[in-house]
Amino acid sequence: MSAAPAPTGNGAEAAAIAEDSPAPRRGGLARLVGLFNANWTSWAGLAMLVVIVLMAIFAPLLAPYDPLDQSILNRLKPPSADFLMGTDAFGRDVLSRVLYGARISLIVAIAAIGLAMVAGGTIGLVSGYVGGRFDVAMMQAMDVLMSFPSLILGLVIVALLGPELRNLIVAISLTAVPPFARIARAPTLAVKERAFVEAGRALGFSHARIIFVHILPNVMSEVVVMGTLWLATAVRVEASLSFIGLGVKPPTPTWGGMMRDAFENILDAPWIAIYPGLAILALVFALNLLGDGLRDATDPKLRGE
Amino acid sequence: MLALILRRLALMIPVLLGLLVLVFVLTRIVPADPAAVLAGEQASPEQVAAIRATLGLDRPLHVQFVRYLVQVASGDFGTSLYTHRPVVQDLAERMPATIELALASMLLAILVGIPLGAVAAVRRNGWLDQIIRVFTIGGLAVASFWMAIMLQLVFSMQLDILPLRGRVDAGVPAPPFLTGLYVIDYLLAGNLALARHALWHLVLPSVTLALPATATIARFTRSSVIETLQKDFVAWERAVGYPRRVMLWKYVLRNSLSATVTQVGLLFGLFLSGSIVVEAVFGWPGLGDYLFSAITTADYQPVMATTLAIGVIYAVVNIMVDLVQARIDPRVAEQR
């Protein structure tokens, strides 16, 4: 019963988009999967991302050394057959630390953006659905949050609450809430005027059910596309915070933190800085490629490129 | 136009109030008790209580907030524990350095980004477009502190053609204060050699900051030029036989820049955030470097004040962007 009205809604939307399409349209997520085929860069980005995620998951198997193992004898060794990316000032293997470092980047980015998606998405849906003064007040609040450049807001929160994994996640997710609220609100305003929402109300469905079962699927693809792009931002912000000294505490390897440590010996041992930087580049590049291809595919103005 | 300016300024009030509340709330949920920090480790509980009373930290929150508002309104942002000077004085001294860097980066990003985007749009899906696409996505993916270090390694240390850090070399006197922007002030003082000296110092930090902005501007310009190229007036001009060059650079570009200009305001936020790490790496004595060292030394008054200052600069720049946009595109002025 609960799933029955949803196809009606999407059916109505499909009719508006493509009147000649005889097949019933699938839900928002399925549509998103279809978008992948629209642009090869999405696939390239996804492939890169999968490789990086696998490297993070299997870091204990892939890493040649323990990322925390110090060795006075092997301090600041340049890249060689023994240490493919060299060693740092404590004689720790840079390759192993880069592999393990992917974990913090991914955990922080996924948790923070996941939180922001849920919180921002809910705010946008409810605010757009309720409308009126409530909507105006919520959007004003979002404007205030957005009036800070995102790194600065994250930085102040972490500086004050203390650099811990949890605080990092909260700070980064807070900076990403307003854009998700905005992107979820806009289609909600349009969708709530549709006949199937009125029908739901006439059938006596609760507001919560209408919002989350009937409107949400129509908003999902925009939110997910933006989520990928914001994952990239979250990775960059986390790296910057770690570089500033507000990341997860040492000796846990993080890419930004490794570059901060590299700074002291930058003249003698540039490899300590080069490889974590390349790792950040690869991950952000993959996420941007993925999100970018998806966005082009969803944006009707750029469609057909 | 005046009505538009007033309306935008009025809209800034809730934003600024929100900023103040946010900064205030954040200072009050600091885990460490500021009174205890100020009193030092050997202080007795009575001494801490006395300091708390003098700072007004024992009063109800709303009273504290009003006090805070009065302080901010009178320009009192406390004293830096590190420089031992009023924070507002530190800020005033460092602001021009950040503005000079941001302006140089903005100029660079616009001068490179707009032509790149326009070329990519015209050569859409060709190999040039693909190269520009990879460059722009890559430009957005590079961590600015990494870029900064790599540029230093290559251009200052290996090739030794550009200065490593600072606005000028140690021992070089600052120019007489006019605009606070060294390059311009040296020029106005008639010292061409030092103006060039300051300009060379500006190159690496501004290239670092400008890179992601250039990429963003190129991308926005590309998609809006593509959109404009599909408009009727372009087909008409083509049919009439306008020279391609004139058509593109004069008519198409002007009609496409609206979206790019909006981005410029948002990019200023990127410069301000980016300036924290970039200024720290290049030893550029601006707000970002100040914030960086204040965080490193757990010096909270400057952290809060700098955050507030950055929020205000960001808000003001975005108002200015709205006004510029209204000049370029009269429809925007009518809408608001």
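1. Contact range in chain B. Among contacts (heavy atoms within 4.5 Å) in chain B between residues at least 6 apart in sequence, 70% join residues at least 24 apart. The model is predicted: local features need pLDDT of at least 70, side-chain atom pairs count only at pLDDT 80 or more, and totals for chains, interfaces and linings use all residues. Residues are numbered from 1 along each chain as its sequence is written, chains are lettered from A in the order in which they are written, and side-chain values use heavy atoms, with hydrogens and water left out.

2. Make-up of chain B. Chain B has 14 helices and zero strands; these are DSSP runs numbered from the N terminus, helices being H or I of at least four residues and strands E of at least two. The C-alpha trace of chain B spans about 85 × 50 × 40 Å along its principal axes. Of the 336 residues in chain B, 49% are buried (under 20% relative accessible area; exposed is over 50% and partly exposed in between, with a 1.4 Å probe and protein chains only).

3. Domains of chain B. The assignment gives domain 1 (2-73) and domain 2 (96-297), with bounds that come from an automatic or database domain assignment. Taken over C-alpha atoms, the centres of domain 1 of chain B and domain 2 of chain B are separated by 36 Å.

4. Interface. The contact between the chains takes 47 residues from chain A and 49 residues from chain B. About 4,200 Å² is buried between chain B and chain A, 77% of it on carbon and sulfur atoms; buried area is the accessible area (1.4 Å probe) that two parts lose on being put together, summed over both. Zero salt bridges are counted between chain B and chain A (a side-chain nitrogen of Lys or Arg within 4 Å of a carboxyl oxygen of Asp or Glu).

5. Nonpolar cores. A nonpolar core is a set of buried Ala, Val, Leu, Ile, Met, Phe, Trp, Tyr and Cys residues joined through side-chain atoms within 4.5 Å. The largest has 169 residues, of which A:Leu155, A:Leu241, B:Phe145 and B:Ile149 touch the most other members. This core draws at least three residues from each of domain 1 (2-73) and domain 2 (96-297) of chain B. A second, separate core has six residues, among them B:Met12, B:Ile319, B:Leu323 and B:Ala326.

6. Helix H7 of chain A. Helix H7 (residues 150-161) of chain A has twelve residues and should span 16 Å at 1.5 Å a residue; its end C-alpha atoms are 17 Å apart, which agrees. The expected span is 1.5 Å times one less than the number of residues. Ten of the twelve residues of H7(A) are buried, so the helix is largely enclosed by the rest of the structure. The buried residues of H7(A) include A:Leu151, A:Gly154 and A:Leu155. Leaving aside neighbours within four places in sequence, A:Leu155 is in contact with A:Leu241, A:Ile244, A:Leu246, B:Ile276, B:Leu291 and B:Ile295. A:Gly162, which follows H7(A), has a positive phi near 105 degrees.

7. B:Asp289. This residue lies in helix H12 (residues 287-296) of chain B. B:Asp289 counts as buried because its relative accessibility is 17%. Not counting residues up to four places away in sequence, B:Asp289 touches B:Arg94, B:Ser275, B:Ile276, B:Glu279, B:Ala280 and B:Trp284.

8. B:Leu103. Helix H5 (residues 87-122) of chain B contains B:Leu103, which is partly exposed, with a relative accessible area of 43%. The C-alpha atoms of B:Leu103 and B:Ser256 are separated by 23 Å and lie 153 residues apart along the chain.
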